[in-house]
Amino acid sequence: MSGRTWSGVRAVCFDMGGTLVRPEPVATTGQVAEVLGISLEEARALMGKGAKRRLVSPHDLAHEIAADFERPAVTGALTEVLERARRRAEDPQLYPDVPDTLAALRTRGFALYAMTNALGSSVPEQEPAVFRELLDSVFYSARTGAIKPEPEAFAAVQQASGLRPQELLHVGDSVNADVRGASAVGWHTAWVDRHHTTGPLMSAAPTLRLHSLNTLLLLLPARAAAEAITSEVAG
């Protein structure tokens, strides 16, 4: 896949956990599953129904989950898990390649966004300073009401940016939520495989496989320069 494939891209939207932000060894949903003694799949289904689609405090969400499972004794443990996740969201630990790559893309004229399927209890009240500096906006599923790979999640970015699908590139580490979700609505995609996954690549849609975000700088030239060359050729 050559850089020409992305010649019309005007904005880049990044997944958060696993792409921009270092995730915990066990994700919050996994920790909730451990507290409740249920499978990760069950916990994901539980969170996807509502906890990732609305804003809620860690305390209130813990009480709701405990009540749903009729396990009031675990309320304290759930609250601790969810409050810790909120603190991590307020002070995100970025991968080393993130600040320089995003700063360079911004200098080149690209609009930059992030989109995440975040628990409503993990959404910080104020955007962390590092994201205010590096990104134009962050789209949380708890605010849009839609979770990737649902088309509505990507539509929220399109509406806010005013851009067409072919002008947007989505970069993320989830084959299903990020690559297939974005490809289904006509966006360009890049799959971030930081751990050098072995085995066959996904067959749902063609995508570029990155092991580092630095590679984006080789494929996304400065917007002003690219537009000038296009104008000269057209003329």
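Is Glu70 buried or exposed? In this predicted model, Glu70 is exposed, with a relative accessible area of 70%. Glu70 lies in the loop that connects α3 (58-68) with α4 (75-90). Most residues other than glycine have a negative phi, and most peptide bonds are trans. A cis peptide bond occurs between Lys148 and Pro149, where omega is about 15 degrees. Pro149 is placed in the loop between α7 (141-144) and α8 (151-161).

Val12, by contrast, is buried, with a relative accessible area of 0%. Val12 belongs to strand β1 (residues 11-15). When neighbours within four places in sequence are set aside, the contacts of Val12 are Ala111, Leu112, Tyr113, Leu169, Val171 and Leu220. The C-alpha atoms of Val12 and Leu102 are 9.5 Å apart in space, while the two residues are 90 residues apart in sequence.

Two packed helices are described by the angle between their axes and the distance between the axes. For helix α1 (residues 28-36) and helix α2 (residues 40-51), the angle is about 115 degrees and the axes are 9 Å apart. Helix α1 is therefore roughly perpendicular to α2. The crossing of α1 past α2 is right-handed. On the α1 side, the contact is formed by Thr29, Gly30, Val32 and Ala33, which meet Leu40, Ala43, Arg44 and Met47 of α2. By residue class, the contact of α1 with α2 comprises 5 nonpolar, 2 polar and 1 charged.

Definitions and conventions:
Residues numbered from 1 in each chain as written. Predicted model: local features only at pLDDT ≥ 70, side-chain atom pairs only at ≥ 80, totals over all residues. Heavy atoms only, no water. Axes fitted to C-alpha atoms, helices over the stretch in contact; angles between N-to-C directions. Helix = DSSP H or I, 4+ residues; strand = E, 2+ residues; numbered from the N terminus. Parallel < 35°, antiparallel > 145°, perpendicular 65-115°, else oblique. Left-handed = near helix turned anticlockwise from the far one by under 90°. Contact = heavy atoms within 4.5 Å. Nonpolar A, V, L, I, M, F, W, Y, C, P; charged D, E, K, R; others polar. Buried < 20%, exposed > 50% of the residue type's maximum accessible area, 1.4 Å probe, protein only.
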